[in-house]
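Me: Please take a close look at one part of this model for me, the sheet and what surrounds it. Keep it brisk.

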Amino acid sequence: MRNKAFTTSTALHHGPNIIHSKTPIRSIEDFRDLKLRVPGGMIAETFAKAGAKTTLLPGGEVFSALEKGTIDAADYTGPAVNWALGFQQVTKYISMGPAGLMSVYQPVDLMDFAVNMNVWNQLPDNLKKFVEDEIQVYSNAHFGSIQKADMEAWQKFLDAGIEINRLGPEDLQKFQEIAVPIWFEWANKDKDAARIFKLQLEVMENPTVGYVTPDMYQGLTINL
């Protein structure tokens, strides 16, 4: 939900993000002094604390910035989209998380379908449900198709001579030590964010995922 007075929105599921770079990134230490294009917010803060020189660029400027050497590396979407954008022409390396974790910082992209709240409130309930159901169907189909396209794109990158590197488990732990306090800081900026973060934390802490343990946020609180 965005501004409650103006819009309502429904999420559309996409895939994880990866990093394309001109030099290999094989550990968290390789981010030090790296000129890295990332989204703003928590992601930028995390990489900055890891030593990167972060910068924000619109998506349309990423290719040219890599080509000119204005930046050394860039976070962008997944392999299928990035292949289509030609990132293999201006970088030699791809960096991802440890095995089984494609991205340590943005495991999913969420797009959204937004409607003016005044217009939405005028729709009958059955039409609202129809729209929501169709968006969910599209989201599922889109996510499935992008996963298939990503699998096909990996071989294209390999055939083009791109080196694919993964961070190690020890790097993931270092990123977690940096990121967890940032999560709490951002969540506590807004009551709705805090409420949603609490739900997300429960998922990450659940044994099904096991990504977070209580000792990782000892002394940190969520202000509900």
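Reply: Strands β2 (residues 18-21) and β5 (residues 73-76) pair in the antiparallel sense over 4 bridges. Two strands count as paired if DSSP finds at least two bridges between them. His20 has Ala74 as its bridge partner in β5. Strands and helices are DSSP runs, numbered from the N terminus: E of at least two residues for strands, H or I of at least four for helices.

This is a predicted model: local features need pLDDT of at least 70, side-chain atom pairs count only at pLDDT 80 or more, and totals for chains, interfaces and linings use all residues. Residues are numbered from 1 along each chain as its sequence is written, and side-chain values use heavy atoms, with hydrogens and water left out.

Now the whole sheet. It is open, with 6 strands in the order β4-β3-β5-β2-β6-β8 and mixed pairing. At the edges lie β4 (53-55) and β8 (163-166), each pairing on one side only. Neighbouring strands are turned by 25° against each other on average, direction ignored.

A helix covers part of the sheet. Helix α5 (residues 125-159) lies across β2, β6 (93-96) and β8. It runs at about 140° to β6. Axes are lines fitted to C-alpha atoms, for helices over the stretch in contact (heavy atoms within 4.5 Å). Angles run from 0 to 180 degrees between N-to-C directions.

Elsewhere, Gln176 lies in helix α6 (residues 169-187). Gln176 counts as buried because its relative accessibility is 13%; buried means under 20% relative accessible area with a 1.4 Å probe, protein chains only. Leaving aside neighbours within four places in sequence, Gln176 contacts Pro181, Tyr211 and Met216.

Notes: Buried means under 20% relative accessible area, exposed over 50%, partly exposed in between (1.4 Å probe, protein chains only).
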